[in-house]
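The tour below goes from one selection to the next and says what is found at each stop.

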Amino acid sequence: MYFLTALIFAGLGERSHAFTAYLAGKGPNAFCSSCRLGTPLFSLSLTLEKPLGLILEEVEEGVAAGVKVEEVGDGGSAASCGQELVGRRILKVGDTDVSCCVFDDVMGQIIDAPSPVVIEFDG
């Protein structure tokens, strides 16, 4: 198994962007089997100030399958992060794995997290 980490400091004040990729010889679409949907082996971690400006929706309605970004609203810190976030699943909020949580639990983690918050998205 190969491990690759690249840190990108984008000069956006206190925000830094970290991109972590885990390469298992299967390419960017490889998944592990710990969750019913699988956890992507590529991820993108962003440190964002609140308000985030993310409009989220359940990956699968009524199922504990996590949430994905439906839209990035103007005025939130996510709009100026320089990354395409629409369609990405949220994997972690801080150190908490939310990849297989219901919508309300993910929102609770985001609300309770101090600002700035580190959010890990699928790659």
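**Stop 1: R89 and S99**

Select R89 and S99: a polar atom of the R89 side chain lies 2.9 Å from the backbone oxygen of S99. Such a pair is a polar contact, meaning N or O atoms within 3.5 Å, where within protein one must be able to donate a hydrogen and the other to accept it, and residues adjacent in sequence count only if both atoms are side-chain atoms. This is a predicted model, in which local features need pLDDT of at least 70 and side-chain atom pairs count only at pLDDT 80 or more, while totals for chains, interfaces and linings use all residues. Residues are numbered from 1 along each chain as its sequence is written, and side-chain values use heavy atoms, with hydrogens and water left out.

R89 sits in the loop between β5 and β6. Helices (H or I, at least four residues) and strands (E, at least two) are DSSP runs, numbered from the N terminus. R89 is buried but has no salt bridge, and D122, the nearest side chain of opposite charge, is 5.2 Å away. Buried means under 20% relative accessible area, exposed over 50%, and partly exposed in between (1.4 Å probe, protein chains only). For charge, Lys and Arg count as positive and Asp and Glu as negative; His and the chain ends are not counted. A salt bridge is a side-chain nitrogen of Lys or Arg within 4 Å of a carboxyl oxygen of Asp or Glu.

S99 lies in the loop between β7 and α1. S99 counts as buried because its relative accessibility is 2%.

**Stop 2: C101**

Move to C101, also in the loop between β7 (96-97) and α1. Leaving aside neighbours within four places in sequence, C101 is in contact (heavy atoms within 4.5 Å) with A64, A65, G66 and V106. Show V67 as well: its C-alpha atom is 7.8 Å from that of C101, although the two are 34 residues apart along the chain.

**Stop 3: the salt bridge**

How many salt bridges does a search of the whole structure find? It finds one. Select E57 and K68, whose side chains meet in a salt bridge at 3.4 Å, N to O. E57 is in strand β4 and K68 in strand β5, 11 residues apart, and the pair links distant parts of the chain. E57 counts as partly exposed because its relative accessibility is 29%; K68 is partly exposed too, at 25%.

**Stop 4: the largest nonpolar core**

A nonpolar core is a set of buried Ala, Val, Leu, Ile, Met, Phe, Trp, Tyr and Cys residues joined through side-chain atoms within 4.5 Å. Select L54, L85, I90 and F121, which touch the most other members among the 20 residues of the largest core. At least two residues of this core come from each of β3 (42-48), β4 (54-58), β5 (67-72), β6 (90-93), α1 (103-112) and β8 (117-122). Centre on L54: not counting residues up to four places away in sequence, L54 touches V69, E71, V72, A78, L85 and F121.

**Stop 5: two cis peptide bonds**

K50 and P51 are joined by a cis peptide bond, with omega about 0 degrees. P51 lies in the loop between β3 and β4. Another cis peptide bond joins S115 and P116, again with omega about 0 degrees; P116 is in the loop between α1 and β8.
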